[in-house]
Amino acid sequence: MAPSPGRLPGRAPVAPSVQSARRALTGMFLASGLTLASFLSRIPSVQENLELPAATLGLVLPALSVGVVAGLLLAGRVIGRTGSRRLMLAGVSTAAVTLPLTSLAAGPLPLAFTLLLLGLGAASMDVGMNAQGIGVERSYGRSILVGMHAAWSVGTLIGALVGSLAIASGVPIWAHLAMVALLVATIGITALRRLDVDDRVSATTPARFALPRGPLFPLAMVAFASILGESTAGYWAGIHLRDTIAVTPDRIGWAFVAHTAGMVGARLIGDRLVGRFGRHAVIRGSGLVAGAGFLVVATVPVLLAGVFGFLLVGLGLGSLVPLAFASAGRLAATPGEGVAAVLAVGYLAFLVGPPVIGALADTIGLPAGFASVAVVIALLTTRPLPAASSGAP
């Protein structure tokens, strides 16, 4: 019997240098997740300090996505020349510098500009480490990229927990984010020394912007659905608990922590699920679970249901992006180009989602926005998907 789409062959001996590269990438993914979650956990504090209404906040936050999308398009064009390792170095440096600057913004426009720069750094990190991860996965001969993304989720979980503690303890935003930036820079520089996948292309190969052409498009839709869900949970989970459910300040971060814990759990078992059921089946099932979680949040406005719903959202979304990346990296001309193309469209969800959800929150209520996201995720993750290229692990 032929294996289901996306199933990978059994284990084989792996060289020590490849194992070391995998550990280094694990550190990179953790640092990336820690960076974004630290900022996301302080969005209610930023909103309060700048006295921003929900609609204005919804217009400012997409600046992060504009920077990310621009960075992804640029990364897809230059990664063939620079290689993914140098791209990661640029990303870590930019993110570490701009993260604490988000806390010093004096108004909506300075905050938007800082988020734009942070997005550029995050995009470079994402493309570089995922391209390296696909190269290491090929050396392993089995699915490991979902597990690497588990480290990203662990980083976001740590960031969410520390952010919640910082809010409850009254730690200033600038001090909190400056300490995180120092840690991220240390992790990133240390990890980069162990990465040696050379994915540069010939100088005669024409450079082009990364776009999801042909079979990459449905994978880009999966990434869009997942990132729409992740951004909705990250931006609005705490605000939902504060404004809709009216929890005390020390409980504002609970929903985002539950969401992040769900993503960690999904990614810890994701590679095993791929081996058992196939990549396509895992994508479809995961999308339905995430959609169900958003419906719970939208229809049952109590603390327990909100926390449980966002836990389901995390469980559903956890495997979607890494599986889309892994497939795209094998279908495109180079892994970096495939990742950048899928991410460029996927991160448009960061641009579209916040203003739409913010407008809904100010007009008919935040639960309506959650219900809309549930429908979009279910539709985009149950579409037919392309088969992996022959011989791909």
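On a 1 Å grid over the protein atoms alone, a cavity is a set of points where a 1.4 Å probe fits but cannot get out, and its lining residues have an atom within 4 Å of a point. Grid points are joined across faces, edges and corners, and a volume is the space filled by probe spheres set on the points.

This is a predicted model, in which local features need pLDDT of at least 70 and side-chain atom pairs count only at pLDDT 80 or more, while totals for chains, interfaces and linings use all residues. Residues are numbered from 1 along each chain as its sequence is written, and side-chain values use heavy atoms, with hydrogens and water left out.

**First stop: the largest cavity**

A search of the whole structure finds three cavities of 30 Å³ or more, and the largest of them has a volume of about 350 Å³. Select L36, W152, E230, Y347 and F350, which lie nearest its centre among the 27 residues of its lining. Then colour the elements that give two or more residues to this lining, including α1 (16-41), α6 (108-140) and α9 (216-244); helices here are DSSP runs of H or I with at least four residues, numbered from the N terminus. The lining divides into 17 nonpolar, seven polar and three charged residues, where Ala, Val, Leu, Ile, Met, Phe, Trp, Tyr, Cys and Pro count as nonpolar, Asp, Glu, Lys and Arg as charged, and the others, Gly among them, as polar.

**Second stop: the second largest cavity**

Next select S41, G238, I252, G253 and F256, the closest to the centre of the second largest cavity among the 19 residues that line it. This cavity has a volume of about 140 Å³, and the largest share of its lining, six residues, comes from α9.

Finally, select F294, F310 and F370, which ring pairs link into a cluster; rings of Phe, Tyr and Trp (its six-membered ring) pair if their centres lie within 6.5 Å, and planes under 30 degrees apart count as stacked, over 60 as edge-to-face and the rest as tilted. F294 and F370 are stacked, at 6.0 Å centre to centre with 25° between the planes. Because F294 lies in helix α11 (residues 279-299) and F370 in helix α16 (residues 366-381), this pair ties together parts that are 76 residues apart in sequence. The rings of F310 and F370 have their centres 5.7 Å apart and their planes at 85°, so this pair is edge-to-face. F310 is buried, with a relative accessible area of 0%, and buried means under 20% by a 1.4 Å probe, protein chains only.

Notes
Buried means under 20% relative accessible area, exposed over 50%, partly exposed in between (1.4 Å probe, protein chains only). On a 1 Å grid over the protein atoms alone, a cavity is a set of points where a 1.4 Å probe fits but cannot get out, and a pocket is an open set with protein on both sides within 12 Å along at least five of seven lines; lining residues have an atom within 4 Å of a point.
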